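Here is a short briefing to read alongside the model. Please have the sequence and the 3D view open as you go.

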Amino acid sequence: MKSFIASPRYDLPKRLLRHFLFWLAYYLYDGPISSIIEQDPAARIAIAAMAMPVKMIAAYFTLYLLRRIYNEKSDPVRFYSYLILSIIFFGCLQRTVSYTVIYPHFYPNGTSVPLFYPPKVIIETFGVYSVVAIVVVVHLAKQWYVSQQEKQQLRNEKLEAELKLLKAQIHPHFLFNTLNNLYSLTVTESKKAPEIVYKLSQLLSYMLYDSNKTTVPLQMEIDYIENYITLEKIRYEERLDVSLNVFNNIDHISIAPLLILPFVENSFKHGFINEIGKVWVNIDILTSDNQLIIKVENSKGKIEADAERNAVGGIGLLNVKKRLELIYKDRYDLHIVDEETYLIILKIKL
């Protein structure tokens with residue numbers, strides 16, 4: 001994915017324009033705007049222009065050279081030494097400009113004290129480094145913002161990659177089970193095999209195209225589940241009793257694709273482990289208090305070995321838990337009750 005954050009080194013014209021606009025804004029404030037309250041506005045405008053070069057040099061020296069030394073973090077003594085010396089140097093340089101260029105033209109009485117008169121040097125130093133501080137703060141704020149945007153982009157890309165990986169794992173998992181069903185029917189030359197192929201083609205269409213969307217209508221997901229149930233009924237015939245109930249209007253609801261199937265598939269696995277009798281599965285979908293509630297409950301095999309019970313759900317159930325955490329984060333609540341029956345309750349805030 002192409003980054004939407006342009007690297008500064010490849011965006012020189014825009015950088016130069018931003019710097020120009022910053023210094024123009026500062027000059028307009030320090031010169032023309034401030035001159036409004038001065039007795040001699042023209043003098044103030046001219047003085048602001050004469051004082052700017054030293055401030056600009058000090059700002060870029062601090063921003064690029066000293067900041068580079070600081071980022072290296074190899075010699076803090078060197079950094080603070082350079083910082084102190086640069087403050088002294090630019091303070092004295094600004095005092096020299098004022099004393100030799102500005103004062104003779106606008107404040108002749110200002111040359112009555114020595115050139116490096118300490119109070120005057122301190123005042124000039126504060127004048128320079130008040131501007132340097134603004135430049136550095138603006139630059140660091142911009143760098144922080146860019147860094148946060150890049151981190152967020154990386155998080156989004158990581159999230160997208162994880163979701164794609166989980167979906168890719170769901171597909172072969174589901175296909176493996178369905179193809180096993182189809183194989184068993186073709187071995188017995190069952191007339192139901194063509195219907196399985198047709199239903200499977202519908203499911204593949206959903207998995208290959210619609211599942212790539214961020215969300216799909218809930219009704220589309222339910223249609224997908226109904227096709228899956230049809231396949232399972234063909235396989236288990238009278239042994240399987242399934243009820244799918246939708247209790248509210250769901251036309252306005254969308255969810256992440258392939259979210260319900262792992263729970264439904266898991267319910268069939270639980271029911272048919274070591275079970276030769278009838279198996280039932282109840283699926284209820286409803287809304288309440290601005291929540292989507294999905295309940296999947298099934299009967300359990302009478303003899304459910306520990307190893308088999310731990311294998312139930314497998315990669316499908318594990319993946320859906322990861323996807324819930326990635327997509328819905330703090331907006332979902334998942335309960336799994338493994339007692340006389342196996343019950344899954346999923347609540348998602350709408």
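Between which two elements is the loop that holds K329? K329 sits in the loop between α9 (314–327) and β6. Helices (H or I, at least four residues) and strands (E, at least two) are DSSP runs, numbered from the N terminus.

Before the details, a word on the source. This is a predicted model, in which local features need pLDDT of at least 70 and side-chain atom pairs count only at pLDDT 80 or more, while totals for chains, interfaces and linings use all residues. Residues are numbered from 1 along each chain as its sequence is written, and side-chain values use heavy atoms, with hydrogens and water left out.

**The chain as a whole**

- The secondary structure of the chain consists of nine helices and seven strands.
- Of the 350 residues in the chain, 37% are buried; buried means under 20% relative accessible area, exposed over 50%, and partly exposed in between (1.4 Å probe, protein chains only).
- The chain has an accessible surface of about 20,700 Å², and carbon and sulfur atoms account for 61% of that. Accessible areas come from the Shrake-Rupley method with a 1.4 Å probe, and for residues only the protein chains shown count as cover.
- Taking contacts between residues at least 6 apart in sequence, 73% join residues at least 24 apart. A contact here means heavy atoms within 4.5 Å.

**The five-stranded sheet**

- Five strands make up an open sheet with mixed pairing, in the order β2-β4-β5-β7-β6. Two strands pair if DSSP finds at least two bridges between them.
- At the edges stand β2 (240–246) and β6 (332–338); each has a single partner strand, so one side of each is left without a neighbour in the sheet.
- From one strand to the next, the twist averages 5°. The axes behind this angle are lines fitted to C-alpha atoms (for helices over the stretch in contact), and angles run from 0 to 180 degrees between N-to-C directions.
- Strands β4 (residues 279–288) and β5 (residues 291–298) run antiparallel and are joined by eight bridges. I283 has V296 in β5 as its bridge partner.
- β5 also pairs with β7 (residues 342–349) in the antiparallel sense, over eight bridges. Here I293 has K347 in β7 as its bridge partner.
- Seven bridges link β6 and β7, again in the antiparallel sense, and L334 stands opposite L346 in β7.

**Two residues with positive phi**

- As background, most residues other than glycine have a negative phi, and most peptide bonds are trans.
- D289 is not a glycine, yet its phi is positive, at about 50°. D289 belongs to the loop between β4 and β5, a hairpin with two residues between the strands.
- D289 counts as exposed, because its relative accessibility is 72%.
- K329 is likewise a residue other than glycine with a positive phi, in this case near 45°. With a relative accessible area of 48%, K329 is partly exposed.

- The buried residues in α5 are A193, I196, K199, L200, L203, Y206 and M207.
- Looking down the axis of α5, these buried residues fall within an arc of 130°, so they line one face of the helix. The arc is that of the directions from the helix axis to the C-beta atoms.

- T125 is part of helix α4 (residues 118–187), and its 14% relative accessibility makes it buried.
- Not counting residues up to four places away in sequence, T125 touches I87 and G91. T125 and Q94 are 31 residues apart along the chain, and their C-alpha atoms are separated by 7.4 Å.
- R44 lies in helix α2 (residues 41–72) and counts as partly exposed, at 24% relative accessibility.
- R44 touches D30, G31, S34, S35 and E38, again not counting residues up to four places away in sequence. Between the C-alpha atoms of R44 and D30, 14 residues apart along the chain, the separation is 8.3 Å.
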